Amino acid sequence: MNDWFSIDLGDGITAFGPTQSIMEAFRAAYLEAGAPPQMAIFSRHDLTENVVTAYFTPESETLARSLGGKFCPKPVRDQDLCLLAGHADSFAIHFPQTETAGS
């Protein structure tokens with residue numbers, strides 16, 4: 001189970017509604033699953049393409065598929081990748097090789 005999924009949510013303005021819906025759906029699925037720290041959604045607003053993308057961890061596969069998520073490569077952790085929903089330790093869990101002091 002290493003597959004990541006993504007959903008393009010629209011530009012910075014139109015992404016607000018879909019983002020809220022995804023966060024609500026995640027909360028229910030997360031609690032139902034027992035709040036596993038590996039289950040998370042990250043997001044990135046690509047300013048060049050003007051699109052917000054939600055990235056679902058492999059542990060969020062069922063939710064991602066139910067929302068129309070598509071297979072994608074694991075996102076690269078950079079300054080634009082944010083934790084949208086999930087446990088605060090999600091970055092350390094999914095991107096341990098990129099953890100550095102001060103990040």
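Visitor: In which sense do β1 and β4 pair, and over how many bridges?
Guide: This is a predicted model, where local features need pLDDT of at least 70, side-chain atom pairs count only at pLDDT 80 or more, and totals for chains, interfaces and linings use all residues. Residues are numbered from 1 along each chain as its sequence is written, and side-chain values use heavy atoms, without hydrogens and water. Strands are DSSP runs of E, at least two residues, and helices are runs of H or I, at least four, numbered from the N terminus; two strands pair if DSSP finds at least two bridges between them. Strand β1 covers residues 4–10, and its pairing with β4 is antiparallel, over three bridges.

Visitor: Which residue in β4 stands opposite F5?
Guide: Look across to β4. The residue facing F5 there is F71.

Visitor: What is the strand order of the open sheet, and which strands stand at its edges?
Guide: The sheet has five strands with antiparallel pairing, in the order β4-β1-β3-β2-β5. Each edge strand has a single partner, so one of its sides is left without a neighbour in the sheet. The edges are β4 (70–72) and β5 (81–86).

Visitor: Which helix packs on the sheet, and what angle does its direction make with that of β5?
Guide: Helix α1, residues 16–32, packs there. Contact means heavy atoms within 4.5 Å, and α1 touches β1, β2 (40–46), β3 (51–56) and β5. Axes are lines fitted to C-alpha atoms, for helices over the stretch in contact, and angles run from 0 to 180 degrees between N-to-C directions. The angle between α1 and β5 is about 50 degrees.

Visitor: What is the mean pLDDT, and where is the pLDDT below 50?
Guide: pLDDT is the predictor's confidence in each residue, from 0 to 100. The mean is 91, and 93% of residues reach 70 or more. Where pLDDT is low, the predicted coordinates should not be read in detail. The stretch below 50 is residues 99–103.
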